[in-house]
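Hi,

Here is the structure I promised to pass on.

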Amino acid sequence: MAIDVVPPLIAAQLNYLVTQAPFSVKVENMCSGGKNTGWFDRFSLVIPFCLDYIKWDVIYNAVYPLAAPDVIFGAEDETFRPYHSASDASDSKSLKNPLTDWNNRDPTSLFTLVLQLRELYKAYQKKRVEQVDDDRLKFEISTMLSREGIEMSLSSNIDKPEEVKFAVPLLDLDLNKMVAGSTWRHPQKIYLQVIYPVGRKYSSAPSAPRLKLVSSPELKAVFSIDDFRLPAWLDGMCMAEYLPTLEEMLESQIKDAVASIESRRKLIMALAPLFGRPVEADPLFCRKATFLSSSGVFTFLVHVAIPLQFPKQQPSLMLQSSQHFNSQGLPIKSPVTTEYPWSPRWETSDMAERIFDFIVEECLNFKKYCNESMLQNR
């Protein structure tokens, strides 16, 4: 973000929004609205909603920096008119419109406006979904009303049939606190995305909705959503029946994943007496470590990558020479391998010793490989 060419008052508001919003906000398409001002006074905000993104254009006027900005919503949301629509009056009546008493010197002004607009947009989409003439959807919504944090949206497009999307937050767990020492700025969440096609008639055995598990990007360093297998959707099932089973399975695997961090840490600690203190290691998630080793005068690095499913899955190993380089001047490395003795039932110390024993033998083959590569490069 080219903050140095943005008017100072606008820059302060943007910075506060991006750093303090409870969700990740991206700023795109910065440009100047005037030919002679040289200031960037308009941009797009990309805001997460219902496991997708909405884009709003924000237009300030650098010539009149104290004036409130205009906000332009997407073409697909032409009926979203916060603060003005009579049909939405009951929703926004108690809310103070920040634009009517705009204080451009207050760095929190844009932050307050965006958060309020997002809440009004959430209510707007919920109202649209509730007005859909679909018996099954009405029933599903009634069974999920008690859940907090659910977002929903109606997608209507000329090219494809209407469908309703739900973003259902899962697990009443503070995942940030479960991972000791985590520096995540935003709360880590896991959602179930549920997509229903819009129909007109109720079927006694409706088809299963499209389901997908989605997590915060940072959480993938601890738990692989892609490796989680969703439970089967049985005939006649509704979300109220499906979610408890899903959450029970998910909570169990999340706790195993968190416990695996300590198991990985213990492996790195068990490798240290054999290889020496690691020259580099992942101190938080303990997913990798690098050791400096030698065989006679041959020195090399041992890269150990420990998978999330450790100890069910064994670490992958790669050697890197400190003395041999290819024609591009890069250190010669061995192929990544997991072809060494392993059992998840071994004690951590036994695992470390098996890795060490393998490296003792493999480094001789690697040295030969390095020497041959050097000869070929001459």
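Accessible areas here come from the Shrake-Rupley method with a 1.4 Å probe; for residues, only the protein chains shown count as cover. On that basis the chain exposes about 21200 Å², with carbon and sulfur atoms supplying 51% of it.

Before going further: this is a predicted model, so local features need pLDDT of at least 70 and side-chain atom pairs count only at pLDDT 80 or more, while totals for chains, interfaces and linings use all residues. Residues are numbered from 1 along each chain as its sequence is written, and side-chain values use heavy atoms, leaving out hydrogens and water.

Now the overall picture. There are seven helices and 13 strands in the chain (DSSP runs numbered from the N terminus: H or I of at least four residues for helices, E of at least two for strands). The C-alpha atoms fill a box of roughly 80 × 65 × 40 Å along the principal axes. Of the 378 residues, 42% are buried, meaning under 20% relative accessible area (1.4 Å probe, protein chains only).

Which of its residues are buried? Ile10, Ala11, Gln13, Leu14 and Leu17 are. They sit on the same side of helix 1 because they cover an arc of only 165° around the axis, taken from the directions from the helix axis to the C-beta atoms. Their cover includes strand 1 (26–31), strand 2 (42–49) and helix 3 (109–130).

Cheers

Terms used. Buried < 20%, exposed > 50% of the residue type's maximum accessible area, 1.4 Å probe, protein only. Contact = heavy atoms within 4.5 Å.
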